[in-house]
Amino acid sequence: MRALGLDVGSKTIGVAVSDPSGTIATPREVLTRRGHAEDAAAVATLVRTLEVHDVVVGLPLELDGSVGHRARQVQRFLAALEPLLAELPGPPRAWTWDERFSTAGAERALLQADVSRARRKQVIDAAAAQFILQGWLDGQRRKDMSKETGS
């Protein structure tokens, strides 16, 4: 079950993809935003090309957990994406994942890997998408394990 992770910002969309077993997320690319309809079409093309079953979109909730301006923007993007996903074989499912600290976590990981400032700027959005997707994958695995143990 391959999954795609998205970190939807105002200027770019970071993209990450999982391995076919849905275990490990890897940063893939950064898309330049062109508007919800064009962005959704670009993501749908990736979903079709990569044979993705799940699309995980980071939802930037406020620190108190409420939905603010940025989260509403992501929800509008999702509203443009979901009809396109419905047309694909499967169809792939769209999920949201709380991404409040994804960019900070990705930045920390890149700093620990001693990535230069210029390179971090180029890859931070894809790394944040990886962080979002890996969190979701790990959450799915925990849910599956608790079903197996009956917890």
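Reader: In which sense do strand E1 and strand E2 pair, and what makes them count as a pair?

Author: Strand E1 (residues 3-8) and strand E2 (residues 12-18) pair in the antiparallel sense. Two strands pair if DSSP finds at least two bridges between them. E1 and E2 share 5 bridges, so they count as a pair. One facing couple is glycine 5 and, in E2, alanine 16. A hairpin with 3 residues joins E1 to E2.

Reader: What kind of model is this?

Author: This is a predicted model, in which local features need pLDDT of at least 70 and side-chain atom pairs count only at pLDDT 80 or more, while totals for chains, interfaces and linings use all residues. Residues are numbered from 1 along each chain as its sequence is written, and side-chain values use heavy atoms, with hydrogens and water left out.

Reader: How many helices and strands are in the protein chain?

Author: The chain has 4 helices and 5 strands. Each is a DSSP run numbered from the N terminus: helices are H or I with at least four residues, strands are E with at least two. Along the sequence the pattern reads β-β-β-α-β-α-β-α-α.

Reader: In what order do the strands of the open sheet stand?

Author: The order is E3-E2-E1-E4-E5, with mixed pairing. E1 pairs with E2 in the antiparallel sense and with E4 in the parallel sense, over 4 bridges.

Reader: Which strands does helix H1 lie across, and at what angle does it run to E3?

Author: H1 (residues 36-50) lies across E1, E2, E3 and strand E4 (54-59), at about 145° to E3. Helix H2 (residues 69-86) lies across E1, E2, E4 and E5, at about 165° to E4. These angles run from 0 to 180 degrees between N-to-C directions, using lines fitted to C-alpha atoms, for helices over the stretch in contact.

Reader: Why is E1 called largely enclosed by the rest of the structure?

Author: Buried means under 20% relative accessible area, exposed over 50%, and partly exposed in between (1.4 Å probe, protein chains only). In E1, 6 of the 6 residues are buried, so the strand is largely enclosed. Ala3, Gly5 and Asp7 are buried on one side, and Leu4, Leu6 and Val8 on the other. Over the chain, buried residues make up 40% of the 151.

Reader: Which residues touch the most other members of the largest nonpolar core?

Author: Leu4, Leu6, Val43, Val47, Val55, Phe77 and Leu81 do, out of 24 residues. Such a core is a set of buried Ala, Val, Leu, Ile, Met, Phe, Trp, Tyr and Cys residues joined through side-chain atoms within 4.5 Å. E1, E2, H1, E4 and H2 each supply at least two residues of this core. H2 gives the largest share, 6 residues. Another core of 9 residues lies apart from it, including Ala16 and Trp136.

Reader: Is serine 18 buried or exposed, and what shows that?

Author: Serine 18 has 1% relative accessibility. The limit for buried is under 20%, so serine 18 counts as buried. Serine 18 lies in strand E2.

Reader: How far is the backbone nitrogen of alanine 3 from a polar atom of the side chain of serine 18?

Author: The separation is 2.8 Å. A polar contact is a pair of N or O atoms within 3.5 Å; within protein, one must be able to donate a hydrogen and the other to accept it, and residues adjacent in sequence count only if both atoms are side-chain atoms. The distance of 2.8 Å falls within that cut-off.

Reader: Which residues is glutamine 134 in contact with, leaving aside its neighbours within four places in sequence?

Author: Contact means heavy atoms within 4.5 Å. Glutamine 134 is in contact with Thr23, Ile24, Ala25 and Arg141. Its place is in helix H4 (residues 117-149). The C-alpha atoms of glutamine 134 and isoleucine 24 are separated by 6.6 Å, though the two are 110 residues apart along the chain.

Reader: Does glutamate 51 count as buried or exposed, and why?

Author: At 62% relative accessibility, glutamate 51 is over the 50% limit, so glutamate 51 counts as exposed. Its place is the loop between H1 and E4.
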